[in-house]
Amino acid sequence: MHLAAPERYEQMPYNRCGRSGLLLPAISLGLWQNFGGERPLEASRAIVRRAFDRGITHFDLANNYGPPYGSAEETFGEILRTDFAPYRDELVISTKAGYDMWPGPYGEWGSRKYVLASLDQSLRRLGLDYVDIFYSHRYDPDTPLEETMGALDAAVRQGKALYAGISSYSGKHTTEAAAILRDLGTPLLIHQPSYSLLNRWIEDELLDTVGREGLGCIVFSPLAQGMLSDRYLHGVPEGSRASRDGSLARDRLNDETLAKIRALDEIAGRRGQTLAQMALAWTLRDRRVTSTLVGVSSVEQLEANLDALERTDFGEDELAEIDRYATDSDINLWSRSSTTES
């Protein structure tokens, strides 16, 4: 059993999630990558232990995180059982349903059957009676939004989730989802969109929407899947995510994008930060952003990312210079969900 650091809550700022009573750490840990069944359990355990010791209380999952699907929840469930059982009430654990999970017509999207069956499966893998936040992982244009939001409401009323969230919804669909859940008596807590220096789509409408609706906002992929790190400053190294088949295609690291990344790295250096640290701090400059999700492959990478909180202030001149290079770079893999109309 892990003995947590007694000073863990002295190191992390906690932000109120919209108009709710829930506080989230400024940096949360996402388990999308590097916590699947192909990774050694001890490596995942070391990261989660250190994250909690440095004040991270929120751990973000989804049904199909891995690989293989479901294995990240199984890994985290094992760590909960062996290391964190006494600390369950100090943790915010979230999971999601929306993307493909099992074969056949009931294994993805937003039907009531899929959403609630997926949650039951997630709880079994995690070894929990409830999760703190349960998300609709993407908007489903072919299922009435009332059905998907009704499933989230049912999950809360059944005691299987404490709060309801959505991910990668447009501003319009966010407004509609919030209204439906409000009428059902289960307020929408939070929106989880992608956001980074190279992917600024939420600034056009969504940030105003979450502010108006009183929602929290937790952003994922703040390092643009590793592009906003020193790894790609000189091209694509062998063994990196961009060198393998997967979510980060090599062609996204073209000359134009690499020039932006190098210019942003120079600004970060003048601030006394790494590019990754500046990128994380930058996502938190807007008070409507409650938390930013990091995914890491080592304790050392976790430590470096958390050190971003040592410098989160930005001068107007710095922001203006950053804006010259922080422009959309066609890396929003989730845009289809957020732009699809019913």
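Helix H3 (residues 112-126) lies across strand E5 (92-97) and strand E6 (131-136). The helix runs at about 140 degrees to E5. Such angles run from 0 to 180 degrees between N-to-C directions, with axes fitted as lines to C-alpha atoms, for helices over the stretch in contact. Contact here means heavy atoms within 4.5 Å. Helices (H or I, at least four residues) and strands (E, at least two) are DSSP runs, numbered from the N terminus.

The model is predicted: local features need pLDDT of at least 70, side-chain atom pairs count only at pLDDT 80 or more, and totals for chains, interfaces and linings use all residues. Residues are numbered from 1 along each chain as its sequence is written, and side-chain values use heavy atoms, with hydrogens and water left out.

Eight strands close into a barrel in the order E3-E4-E5-E6-E7-E8-E9-E10. The pairing is parallel; two strands pair if DSSP finds at least two bridges between them. On average, neighbouring strands of this sheet are turned by 30 degrees against each other, direction ignored.

Strand E3 (residues 27-30) pairs with strand E10 (residues 291-294) in the parallel sense over three bridges. Ser28 has Leu293 as its bridge partner in E10. E3 also runs parallel to strand E4 (residues 58-60), joined by two bridges. Here Gly30 is partnered by Asp60 of E4. From E3 the chain crosses through helix H1 (residues 41-53) to E4, in a right-handed β-α-β crossover. Right-handed means that, with the strands pointing away from the viewer, the path from the first strand over the helix to the second runs clockwise.

In a regular strand the side chains alternate between the two faces of the sheet. Both faces of E3 are covered. Ile27 and Leu29 are buried on one side, Ser28 and Gly30 on the other. Buried means under 20% relative accessible area, exposed over 50%, partly exposed in between (1.4 Å probe, protein chains only).

Ile190 stands opposite Gly216 in E9.

Two serines complete the description. Ser20 is found in the loop between strand E1 (14-16) and strand E2 (23-25). Ser20 is buried, because its relative accessible area is 18%. The Ser20 side chain reaches the backbone nitrogen of Leu22 at 3.1 Å.

Ser337 lies in helix H11 (residues 335-339). With a relative accessible area of 7%, Ser337 is buried too. Leaving aside residues up to four places away in sequence, Ser337 touches Arg138, Tyr139 and Ser168.

Conventions:
Polar contact = N/O pair within 3.5 Å; in protein donor to acceptor, adjacent residues only side chain to side chain.
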